[in-house]
Amino acid sequence: MKITQLPDNPYLLLTPGPLSTSKGVKAAMLRDWCTWDDEYNDLVQEIRRKLVRLAGNNHDNYTSVLMQGSGTFSVEAVIGSAVPDDGKLLILTNGAYGNRIVQIARVLKVNTLVIDFGEVSQTQPEKLQEVLEGDPEITHVAVVHCETTTGMLNPIAEVGKIAKAFGKVLIVDAMSSFGGVEIDAAELEIDFLISSANKCIQGVPGFGFILAKTEELKKCKGRARSLSLDLYDQWETMETYNGKWRYTSPTHVVRAFYQAMLELEEEGGVKAREIRYRENQRTLVDGMEQIGFRTLLPRSSQSPIITSFYYPESAAFTFHGFYERLKKEGFVIYPGKISLADTFRIGNIGEVYPHDMKRLVEAIDKNRFW
């Protein structure tokens with residue numbers, strides 16, 4: 001049977017991406033596109049220009065590249081293309097996504113040094129300075145902005161200032177923060193910033209993107225450790241052939257992302273979206289604390305993207321049972337991801353508003369069968 005109408009989603013996705021999208025974004029995927037068609041490739045070029053403008057006002061020295069696959073594909077494209085064979089990568093990690101960069105670098109046989117701050121501590125800029133002072137062979141520094149393992153927001157301004165004082169190339173994984181937290185890439189002197197279509201810009205999964213200083217990206221020519229994840233070749237092809245991807249692009253996802261960018265502009269841009277996300281997060285935490293839940297992180301290091309809560313102190317509580325009851329109420333949440341404590345996570349981003357957070361807290365309060 002053919003579907004001729006756009007159905008409502010049976011639940012809100014309260015996750016850090018994929019997330020709940022608007023009907024406009026969903027509807028944008030109902031048309032088929034040809035990857036060779038000028039109309040489609042013009043759309044790709046407009047997306048690339050819009051992304052660069054989102055990275056701050058002084059964006060003349062930046063360019064953007066779209067890359068097929070999940071956000072991790074784009075992270076791997078940067079690590080595998082930006083760090084030369086004789087380079088050395090320093091990775092600051094405090095969660096699963098920093099650790100994933102470590103894993104990527106080691107699989108690619110990149111010379112790597114790791115500073116692990118643990119799962120519930122922010123990255124410490126003073127430790128970075130200490131390591132850079134003692135190891136002049138380091139050429140690149142990588143850090144995750146919002147570590148969605150916990151919801152931690154890391155101090156990328158301070159990290160970047162130190163990295164640049166030592167003349168290092170700065171790589172920022174802004175996967176779950178770009179578009180939802182204001183980031184001025186030029187002011188922070190970020191060389192490579194990585195994010196994904198299905199995060200704060202509120203598109204759907206299918207590709208990631210990289211914002212890069214054009215001169216640093218040009219240095220990547222011939223460095224790639226992968227054919228399909230060759231960042232320079234992907235960029236050069238898009239530059240030369242007016243938005244053409246090297247290999248088949250996720251056309252429906254690209255068109256949905258363009259619609260999501262238009263809706264971001266209509267909302268008032270990143271500043272307005274950050275205000276909404278922060279209000280979502282405050283509404284959620286205030287409500288959860290009123291019914292007896294505790295957050296994993298202090299407010300000083302908490303992002304507006306996703307919030308971790310401790311399990312209630314009851315032997316009868318199981319995450320699976322909790323999850324299933326909330327799903328029936330119209331909400332899907334995330335399990336916890338740290339090893340030090342039993343937690344679950346609730347995303348604050350997507351086509352979600354403070355009144356949705358109030359409804360969620362009411363559903364949790366009603367379903368406390370432990």
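**View A. From strand β8, Val169, Ile171 and Asp173 point one way and Leu170 and Val172 the other, and all of them are buried.** This is a predicted model, in which local features need pLDDT of at least 70 and side-chain atom pairs count only at pLDDT 80 or more, while totals for chains, interfaces and linings use all residues. Residues are numbered from 1 along each chain as its sequence is written, and side-chain values use heavy atoms, with hydrogens and water left out. Buried means under 20% relative accessible area, exposed means over 50%, and partly exposed lies in between (1.4 Å probe, protein chains only). Strands (E, at least two residues) and helices (H or I, at least four) are DSSP runs numbered from the N terminus. In a regular strand the side chains alternate between the two faces of the sheet. Because five of the five residues of β8 (residues 169-173) are buried, this strand is largely enclosed by the rest of the structure.

**View B. β8 has strand partners in β5 and β9.** Two strands count as paired if DSSP finds at least two bridges between them. β5 (residues 140-144) pairs with β8 in the parallel sense over five bridges, and Val169 is the bridge partner of His140. With β9 (residues 192-196), β8 pairs in the parallel sense over three bridges; there, Val172 is partnered by Leu193.

**View C. Seven strands make an open sheet of mixed pairing, in the order β2-β10-β9-β8-β5-β3-β4.** β2 (62-68) and β4 (112-116) stand at the edges with a single partner strand each, so one side of each has no neighbour in the sheet. Neighbouring strands are turned by 20° against each other on average, direction ignored. Axes are lines fitted to C-alpha atoms (for helices over the stretch in contact), and angles between N-to-C directions run from 0 to 180 degrees. Contact means heavy atoms within 4.5 Å. Helix α6 (residues 156-165) packs on this sheet, touching β3 (89-93), β5, β8 and β10 (207-213), with its direction at about 160° to that of β8. α8 also packs on the sheet, touching β2, β9 and β10, and its direction makes about 105° with that of β2.

**View D. The largest nonpolar core holds 82 residues, and Leu51, Ile79, Phe178 and Phe192 have the most contacts inside it.** Such a core is a set of buried Ala, Val, Leu, Ile, Met, Phe, Trp, Tyr and Cys residues joined through side-chain atoms within 4.5 Å. Helix α9 (residues 251-267) contributes the largest share of this core, eight residues. Leaving out residues up to four places away in sequence, the residues that Leu51 touches include Phe178, Ile201, Phe257 and Met261.

**View E. A second, separate core of 24 residues includes Val285, Ile291, Ile346 and Ile364.** Ile346 also stands opposite Thr307, in an open antiparallel sheet of three strands ordered β11-β14-β13. β11 and β14 (residues 343-347) run antiparallel and are joined by five bridges. Helix α10 (residues 269-290) packs on the sheet, touching β11 and β14, and its direction makes about 10° with that of β11.

**View F. Trp33 and Tyr40 form a tilted aromatic pair, 6.2 Å centre to centre with 50° between the planes.** Rings of Phe, Tyr and Trp (its six-membered ring) pair if their centres lie within 6.5 Å; planes under 30 degrees apart are stacked, over 60 edge-to-face, and the rest tilted. Both Trp33 and Tyr40 are buried. The charged end of Arg31 sits over the ring of Trp33, 3.8 Å from its centre, where the criterion is NZ of Lys or CZ of Arg within 6 Å of the ring centre and within 35 degrees of the ring normal. Likewise, Arg294 lies over the face of Tyr310, 4.3 Å from the ring centre.

**View G. Leu227 lies in the loop between α7 (214-218) and α8 (231-240).** Its relative accessible area is 61%, so Leu227 counts as exposed. Beyond neighbours within four places in sequence, Leu227 is in contact with Arg246 and Tyr247.
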